[in-house]
Amino acid sequence: MDKFEAMQRFVLVAQTNSFTRAAELLGLPKSSISSAIQALEQQLGTRLLHRSTRRITLTQDGEAYLPQCQALLAELDALESQFQHQGEEVRGILRVDMPSRFASTVVLPHLHQWLDRYPNVRLQISCTDHDIDPVKEGVDCVIRVGSLKDSTLVARPLASYQLLNCASKRYLERFGVPKSLADLQKHRLIDYAQKIGDRPATFEYQENGEVRQLAMPSALSVNSTDAYLAACLSGLGIAQIPEIGIADYLESGALVSVLDQYIAEPMPVSVLYPSRRQISKRQTLFMDWLDTLVAQLAKQRARRET
């Protein structure tokens, strides 16, 4: 086996702490991952991993070898990228994580553009609506909607999405249309939270340039953007949903925008990745494509609204 390929498998196992997860990401049997690392250890003359039935950890030599291995592989990838000018020459696997609604409304409907342009890049898209460690999960970059926490990750801004206060026609027929903030105490809020807990459900809005929160009655909390929209469409309460991807629901009357004078602060959309140095040509091209796509969709919405 090619030594660089064995090194790539070692790095993935070290990042994910799992032979099984590394095999899933590479689409290979677990045995091929294990045998590759065993061969690498034999070549180096040292053990790189402590293996047990419960977990995998790096040995002292493994801890020293990992960053050097990552740097070497990154330099090799960058070197190869210098000579990749045409779309068909860009190749490899690109792993991206993004919120489920962003995937279904923004990326997937237009992904054929990317696949047609770069046919030799295999995309692996995972959809999670909570923060993940891209290094541990073995992904190249993550797309996140909302305010960013302090992090060692590099952030590249993509866009800013306006939130709308939405409810279904059925819900409004049952509870009435709120006309003021005071009316909200007679309504139900669908609470969206990445981590469901005991915190109160709050309706967010801007007033005099300041972001304010108003506690509201709530019978439902969800931690999935798809579930959030589905709950709103089902008449389970009021939701504050990014305008991207709901234009058809508003036009058909399935959703109705309410309290437009009390809208929440726009939500930023960003791409996060671990390091500026360890970035491949395919990752740069994908992020550039995303940037262009989001800008084009924003222009289209602006034209429809004028």
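The protein exposes about 16500 Å², and carbon and sulfur atoms supply 49% of that (areas come from the Shrake-Rupley method with a 1.4 Å probe, with only the protein chains shown counting as cover for residues). What you're looking at is a predicted model, where local features need pLDDT of at least 70, side-chain atom pairs count only at pLDDT 80 or more, and totals for chains, interfaces and linings use all residues. Residues are numbered from 1 along each chain as its sequence is written, and side-chain values use heavy atoms, leaving out hydrogens and water.

**The whole protein**
- Along the principal axes, the C-alpha atoms fill a box of roughly 75 × 45 × 35 Å.
- Of the 306 residues, 41% are buried (under 20% relative accessible area, with a 1.4 Å probe and protein chains only).
- You'll find eleven helices and 14 strands here (DSSP runs numbered from the N terminus: H or I of at least four residues for helices, E of at least two for strands).

**Charges**
- There are 34 positive and 35 negative side chains, and the centres of the two sets lie 4 Å apart (Lys and Arg are positive, Asp and Glu negative; His and the chain ends are not counted).
- Each charge is placed at NZ of Lys, CZ of Arg, CG of Asp or CD of Glu.

**Strand E3 and its partners**
- E3 covers residues 92-98, and five of its seven residues are buried.
- E3 pairs with E4 (residues 121-127) in the parallel sense over seven bridges (pairing takes at least two DSSP bridges), and Asp97 stands opposite Ser126 in E4.
- E3 also pairs with E5 (residues 141-145), again parallel, over two bridges; here Val96 stands opposite Cys141.

Methods: Buried < 20%, exposed > 50% of the residue type's maximum accessible area, 1.4 Å probe, protein only.
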